[in-house]
Amino acid sequence: MKNRKRRILTAAVLCCILTAVPAKVFLAKEIAGPARYPRQQQEEEPYLREGYEEEIDGVHAEVAWCQNGDRKIFGKFYYPEAYDQWETYPVVIMSHGFGSRYDVYEKRKWVKLLTEAGYICYAFDFCGGSESSFSDMDFQDMSVLTEVEDLEAVTDFVQEKRFCDEKKLFYMGASQGGLVCAMEAARRDGEIAGMILLYPGFCLPEIVEAACPDPEAVQGDTVTVMKREVGLRYVTDALSLDVMEEITGYTKDVLILHGIEDTLVPYEGSLEALEGPYRDSDSELVLITGSKAKHGFDGYETSGTEYAREAVLDFMIRHLE
């Protein structure tokens with residue numbers, strides 16, 4: 001193990017499971033928005049207009065819409081304090097989880113953390129990504145594969161920006177957004193310098209199969225998955241995936257952060273990715289411990305979140321060298 005690798009945070013947990021985890025695993029310790037706006041009202045709201053600027057938690061943000069075919073994707077760029085329009089910067093593209101929105105990265109301080117470290121961030125709403133998404137498409141028309149298409153379009157959009165250092169373009173994805181990032185990164189291995197995955201949804205097919213084992217027997221157009229009504233395409237697309245095969249091909253480093261008490265998306269999927277598709281890279285899995293280290297731990301687990309932020313900064317700094 002390299003000296004820079006992180007150590008175990010909680011000795012009690014170490015005693016229980018140290019012998020069961022490989023050397024690259026380290027122990028440490030989705031938000032819905034407001035009611036959905038009609039599209040016409042969205043266009044009339046000034047804070048949704050292209051180029052709208054504001055300060056959010058001390059970070060300068062600017063609205064920037066992206067196009068994916070005939071679908072419009074809402075997003076924001078967030079700039080470091082010393083931003084110079086004539087310079088190039090490392091950029092992090094942020095993908096939210098199932099039923100969430102772009103602003104989860106604002107609320108959970110990831111944008112602030114990374115812009116203070118000198119990165120430009122772009123957080124966006126997947127089309128149909130939630131009932132309150134500002135992007136086009138209804139929630140019932142979304143699937144993991146439509147989100148992969150959206151991330152492809154967003155990546156192309158960001159790469160075209162003059163300030164983007166194409167050799168230092170990173171993905172950050174949470175839950176289902178983490179799975180989407182991993183799938184798209186495998187398709188553009190030479191373009192993505194590194195990935196940060198928060199409790200990635202590598203077990204999505206199993207979750208969907210448990211909710212809907214026989215899509216052909218469904219009466220109607222929707223199915224309840226993870227307490228939300230999704231369309232049949234969501235089900236069929238998820239069940240078609242061989243996740244470990246889909247994410248194979250990405251050869252750069254991945255930092256995975258996962259709560260050890262996550263029952264929605266158990267950490268074993270992240271461990272499988274580390275030992276399988278990511279085994280030949282210098283990738284790491286940080287397991288966040290504690291009773292609150294559940295799915296979305298970064299929303300309410302203070303000590304675990306602080307440790308996770310330190311791990312992210314360490315990873316990002318190393319990959320700028």
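A residue counts as buried when its relative accessible area is under 20%. With 6% relative accessibility, serine 175 falls under that limit, so serine 175 is buried. Welcome to this structure, which is a predicted model. The points below cover residues of interest, aromatic rings, cysteines and a pocket.

**Backbone with a positive phi**

- Serine 175 has a phi near 55°, a positive value in a residue other than glycine.
- You will find serine 175 in the loop between β9 and α6 (176-187).
- Methionine 137 is not a glycine either, yet its phi is positive, at about 85°.
- The loop between β8 (120-124) and α5 holds methionine 137.
- Methionine 137 has 18% relative accessibility, and because the limit for buried is under 20%, this residue counts as buried.

**Aromatic rings**

- Across the whole structure, a search finds 20 aromatic pairs.
- One of them joins tyrosine 79 and phenylalanine 163 in an edge-to-face pair, with 5.9 Å from centre to centre and 85° between the planes.
- Tyrosine 79 belongs to strand β6 (residues 75-79), while phenylalanine 163 sits in the loop between α5 (144-159) and β9 (164-174), so this pair ties together parts that are 84 residues apart in sequence.
- Tyrosine 79 and phenylalanine 163 are both buried.
- Ring pairs also link a cluster made up of Phe77, Tyr79, Tyr83, Tyr89, Tyr122, Phe124, Phe126, Phe157 and Phe163.

**Charges over tryptophan rings**

- Which residue lies over the face of tryptophan 65? That residue is lysine 72, at 5.0 Å from the ring centre.
- For tryptophan 110, the charged end of arginine 309 sits over the ring, 5.9 Å from its centre.

**Tryptophan 86**

- Tryptophan 86 is placed in the loop between β6 and β7 (89-95).
- Is tryptophan 86 buried or exposed? Its relative accessibility is 65%, and since exposed means over 50%, tryptophan 86 counts as exposed.
- Along the chain, tryptophan 86 and arginine 162 are 76 residues apart, and their C-alpha atoms are separated by 8.2 Å.

**Cysteines**

- How many disulfides does a search of the whole structure find? The search finds zero.
- As background, a disulfide is a covalent bond between the sulfur atoms of two cysteines.
- Cysteine 121 has 0% relative accessibility and therefore counts as buried.
- Cysteine 164 is buried too, with a relative accessible area of 7%.

**The second largest pocket**

- The second largest pocket holds about 170 Å³ of space.
- The lining of the second largest pocket is formed by Phe202, Cys203, Pro205, Glu206, Leu241, Asp242, Val243, Met244, Pro266, Glu268, Gly269 and Glu272.
- By type, the lining residues of the second largest pocket divide into seven nonpolar, four charged and one polar.

Note on methods. Residues are numbered from 1 along each chain as its sequence is written. This is a predicted model: local features need pLDDT of at least 70, side-chain atom pairs count only at pLDDT 80 or more; totals for chains, interfaces and linings use all residues. Side-chain values use heavy atoms; hydrogens and water are left out. On a 1 Å grid over the protein atoms alone, a cavity is a set of points where a 1.4 Å probe fits but cannot get out, and a pocket is an open set with protein on both sides within 12 Å along at least five of seven lines; lining residues have an atom within 4 Å of a point. Grid points are joined across faces, edges and corners, and a volume is the space filled by probe spheres set on the points. Ala, Val, Leu, Ile, Met, Phe, Trp, Tyr, Cys and Pro count as nonpolar, Asp, Glu, Lys and Arg as charged, and the others, Gly among them, as polar. A disulfide is a pair of cysteine sulfur atoms within 2.5 Å. Buried means under 20% relative accessible area, exposed over 50%, partly exposed in between (1.4 Å probe, protein chains only). Rings of Phe, Tyr and Trp (its six-membered ring) pair if their centres lie within 6.5 Å; planes under 30 degrees apart count as stacked, over 60 as edge-to-face and the rest as tilted. Helices (H or I, at least four residues) and strands (E, at least two) are DSSP runs, numbered from the N terminus. A charge sits over a ring if NZ of Lys or CZ of Arg is within 6 Å of the ring centre and within 35 degrees of the ring normal.
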